Amino acid sequence: SPSPSPSPSPSPSPSPSPSPSPSPSCITGTEVYIPQDGCCRTESGGEGDYKKYEGVSQQECEDMCDNESKCKGYEYRANVCEIHTTSVPNAHDGSGNCAEAKCYQPTCISPSPSPSPSPS
């Protein structure tokens with residue numbers, strides 16, 4: 001008699017890749033804003049979601065980003081501040097307004113770990 005064909009093993013369902021959870025604040029390190037030349041752009045090159053404020057200083061713009069829990073970075077040029085709530089990992093260094101703009105990305109600088117004493 002024909003031997004029973006082995007039942008196909010269920011393929012493991014791909015586990016969703018864990019998206020990096022945004023740290024609301026730098027718990028252990030220091031959060032600094034790293035400027036890039038140009039306008040803030042999303043991964044697909046779009047502008048994303050942002051709120052625009054005029055007549056503010058760069059420091060005020062940074063403070064607004066700090067106070068906005070969803071802020072993923074800010075763009076600043078000549079008293080114009082854009083608080084971006086969509087991830088904007090790219091900067092578009094282009095013509096017009098973007099030539100003068102800088103895109104500031106919050107980056108967590110971790111303190112260098114102190115060497116742990118090796119167990120004796």
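In what order do the five strands of the open sheet come? The order is β1-β7-β4-β5-β3, and the pairing is antiparallel; two strands are taken to pair if DSSP finds at least two bridges between them. At the edges sit β1 and β3 (50-54), each of which pairs on one side only. From one strand to the next the twist averages 25 degrees. All this comes from a predicted model, in which local features need pLDDT of at least 70 and side-chain atom pairs count only at pLDDT 80 or more, while totals for chains, interfaces and linings use all residues. Residues are numbered from 1 along each chain as its sequence is written, and side-chain values use heavy atoms, with hydrogens and water left out.

Stepping back to the whole protein chain, there are two helices and seven strands, in the sequence pattern β-β-β-α-β-β-β-α-β. Helices (H or I, at least four residues) and strands (E, at least two) are DSSP runs, numbered from the N terminus. Of the contacts between residues at least 6 apart in sequence, 69% join residues at least 24 apart, contact meaning heavy atoms within 4.5 Å. Buried residues account for 25% of the 120 residues, where buried means under 20% relative accessible area, with a 1.4 Å probe and protein chains only.

Now for the strand partners. Strand β1 (residues 30-37) runs antiparallel to β7, and eight bridges join the two; here Pro35 stands opposite Tyr104 in β7. β7 also pairs with β4, again in the antiparallel sense, over three bridges, and Tyr76 faces Lys102 of β7 as its opposite number. Helix α1 lies across β1, β3, β4, β5 and β7, and runs at about 165 degrees to β4. For that angle, axes are lines fitted to C-alpha atoms, for helices over the stretch in contact, and angles run from 0 to 180 degrees between N-to-C directions.

What makes up the largest nonpolar core? Its 10 residues are Tyr33, Val56, Cys61, Cys65, Cys71, Tyr74, Tyr76, Cys81, Ile83 and Tyr104. α1 (58-67), β4 and β5 each supply at least two residues of this core. Such a core is a set of buried Ala, Val, Leu, Ile, Met, Phe, Trp, Tyr and Cys residues joined through side-chain atoms within 4.5 Å. One of its members, Cys71, is in contact with Cys65, Ile83 and His84, leaving aside neighbours within four places in sequence.

Some of the tyrosines turn up again among the aromatic pairs. Rings of Phe, Tyr and Trp (its six-membered ring) pair if their centres lie within 6.5 Å, and planes under 30 degrees apart count as stacked, over 60 as edge-to-face and the rest as tilted. The count by this rule is two aromatic pairs. Tyr74 and Tyr104 are stacked, because their ring centres are 4.6 Å apart and their planes lie at 10 degrees. Tyr74 belongs to strand β4 (residues 73-77) and Tyr104 to strand β7 (residues 102-109), so the pair ties together parts that are 30 residues apart in sequence.

Beyond neighbours within four places in sequence, Glu82 is in contact with residues including Tyr50, Cys61, Tyr74 and Arg77.

How values were computed. Buried means under 20% relative accessible area, exposed over 50%, partly exposed in between (1.4 Å probe, protein chains only).
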